Amino acid sequence: MEAEGTTTRAAAQRLARQLRAPATPERQRQRRPGRRPRRRTEEAREEAVFREVVSFTPDPLPVRYYDKDTTEPLSFYLSSLEELLAWTPNMEDSFNVAWEPSECRQPPLSSQRPRTLFCHDMMGGYLDDRFVQGAAVQNPYSFYHWQYIDIFVYFSHHTVTIPPVGWANAAHRHGVCVLGTFITEWQDGGRLCESFLAGDKRSYQAVADQLVLIAEFFHFDGWLINIENSLSLAAVENVPHFLQYLTTQLHQQVPTGLVIWYDSVVSSGQLKWQDELNEHNRVFFDSCDGFFTNYNWREEHLERMLGQAGERLADVYVGVDVFARGNVVGGGFDTVKSLELIRKHGFSAALFAPGWVYECLEKRDFFQNQDRFWSLLEHYLPTHSICSLPFVTSFCLGMGIRRVRHGQEEAAGPWYHPSAQELQPLFGERWLAEDGRGWVKTHGCLVDAWNGGSSLLIRGVIPPEAENVAVRLFSLHVPLPPKVFLSMVYKLEGPSDVRVALELTTGDAGSCHIGGISALNAETESRHRPRPLRVPPIKLTRWVGHCGQQLSKGWVQRCYEVNLRGCLLQDLFVNLSRPPGSQEEASFVCRLGEIQVVDARSLLAPLPQVHAVTVSHVSWQLAASEGAGPPALQLRCTLHWSCLLPRARGFRIHCYPGTGRGSPSRGPPGPEKPMLLGLAFVNQYRIVGLAVAAAGPARDGRVEFLVEPVTKEGFLVPQAEWGRAAMLYSMPQT
């Protein structure tokens, strides 16, 4: 059994390498056994050309991985032990591999600071978030208070819940660990458990090996184990061995790996929730990384647990049902009552179903209700810090009512794509004066954006006795290189003379030397305001060409250069100050569109190149045509390409849909801009429902695809470096 597990893992690793290698026609045929490969007619360095004869013969894709109607790729779960044991990685699975590695963070998850676990349980799971490439939906659920949480668990009642890749990407981008769920329930769950726990070790080791392989392949971090059915003595005696083996194997393969046990079964095999860690369930806690208690506890339970947990207080996650079902201390907007007691005794907290604010309250007030919910808890939620460069965000929530790039609308209509969510700041509201005259509030806003679908809105009033207000946006822990460049894009809305500046704080003040910036005052020696660059150095022009200038639709870009030695970047602020000499109350509405902090050395690094773009899984449908012209077609196909993964943050997929234009080896004529199709966060993309004109008699149609890499630093990649593939298609002979 161990040899089989080793072989499966080796196969998964080979597949992962294939995903990162340049695609060739030969490899394409190997990856798609049984499927007719697209015939490549010619290939220049910049572009491959494929030929296709239109066919309306059904060629269905596996329903586990694709929507049966649209063929859009889907996140998926496994419903049985048989499915789990039979799973082996294949190319269809690669759509669900998380692109973002878990970001470096401080303090590390292994520290003994009490943690916050978010257990996401919403209406059975796999809702709008199951669409890997996003969905055109209005008012979806979105979470963005990532700096307050340490662990994200995706929960459903399917046997093996694999977190949708969008959640894994968003969480990892913020330094948050992601767990799936392995659950058994009721009589069927009891039979499932007996089949792998009541026998010898080979049975439970085979299950554990598969769980480890799945987490390793899909790039998430571990499992919540939830056995909610009674067990025989033979089975329950093997549970600690199963947990120990799973935990050990996971730690070997996934550096950030975690296995957490839910308070349900006790050591006798009875299903008997304890609402605490005690002698009846301690054996499970001792066999894994953490213990998630049931929800009906009182303070006396917490007091008793102090002795049971010993030095592992932070590994006990005291459950809080935000829906307030049963006999709980507090849920809903009173969740703070539960959290206050949990922190009083030094335990971690497990918030179950904070999506209550979306499920049970008015959808139109969702953002206000979610911000209110987390603001009530923030006193008991220690934040963590990102500790690496580049640090770039447009504040996009991974959703919007339109798509925007550099302030210009490029696609209208609602969209939701959790993988596209960018780094989110600290949100909140605070008062600047006791009489309530001065205040400041930050929140996400879909009305306008610089990049993506949203921006950060900062509203407030500077009272007469204050000269300015500094709003802390990000907690960081970044050892800084000798020279960094910063950029901020913002605009003031309405008439206002308020001035806007970027500020930063540095640590290691004894040895940190700052050059080229001015300190604000003696009381905040470690807070600095960089001097704006009016004209950027020549080597910066490919990054920012409009420093200090008014951009489209009122946006302004400020650029900064900071020279340092031995410094640690700790915080980013935006400072809003009244005009010099003014003594009046100053109100403001400031919209932040983007912040970038990059190592100057990264400007010298080559930009990523996409190459070896291939086309596969082509299918056609007739579309309704207007007038008496030729019938319109709808094209579905999968693009795959190669790119150095560490260099790209993602990809933008474009096309020139056309017919009978240009020669096969040249791009399409004319200066028109390509049409944006969508975003990808793996090196493949499924095109669905693309309208193209039917080819005429004895004449080829042509559609060209372009894959634009998006750099982590936010640098623009020239179109010459994009990947290209063209497809020539003809109608069947009649």
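A residue is taken as buried when its relative accessible area is under 20%, as exposed when this is over 50%, and as partly exposed in between. In the predicted model examined here, Lys 337 has a relative accessibility of 45% and therefore counts as partly exposed. Lys 337 and Asp 334 form a salt bridge, with the closest N and O atoms 4.0 Å apart.

Side chains of opposite charge can pair when their charged atoms come close. Under the criterion applied, the count of salt bridges comes to 28. One of these pairs joins Asp 315 to Arg 115, with a separation of 3.0 Å between the closest N and O atoms. Asp 315 is located in the loop between helix 9 (299-309) and strand 11 (316-321), whereas Arg 115 is located in the loop between strand 3 (105-106) and strand 4 (116-120); the pair therefore ties together parts that are 200 residues apart in sequence. Asp 315 has a relative accessibility of 10% and so counts as buried. Arg 115, at 6%, is also classed as buried.

A further salt bridge is formed by Arg 591 and Glu 493, whose closest N and O atoms lie 2.7 Å apart. Because Arg 591 belongs to strand 29 (residues 586-599) and Glu 493 to the loop between strand 22 (483-492) and strand 23 (499-507), this pair ties together parts that are 98 residues apart in sequence. With a relative accessibility of 3%, Arg 591 counts as buried, while Glu 493, at 29%, counts as partly exposed.

A kink of about 30° is found in helix 7 at Val 239, shortly before the proline Pro 240. Both Val 239 and Pro 240 are among the buried residues of the helix, which also include Ala 235, Val 236, Asn 238, Phe 242, Leu 243 and Tyr 245. Further along helix 7, the buried residues include Leu 246, Thr 247, Gln 249 and Leu 250. The buried residues of helix 7 pack against helix 5 (186-197), helix 6 (201-218) and helix 8 (282-285), as well as against strand 8 (222-228) and strand 9 (258-262).

How values were computed: Residues numbered from 1 in each chain as written. Predicted model: local features only at pLDDT ≥ 70, side-chain atom pairs only at ≥ 80, totals over all residues. Heavy atoms only, no water. Bend = angle between axes of the 7 residues up to and from the residue. Helix = DSSP H or I, 4+ residues; strand = E, 2+ residues; numbered from the N terminus. Buried < 20%, exposed > 50% of the residue type's maximum accessible area, 1.4 Å probe, protein only. Contact = heavy atoms within 4.5 Å. Salt bridge = Lys/Arg side-chain N within 4 Å of Asp/Glu carboxyl O.
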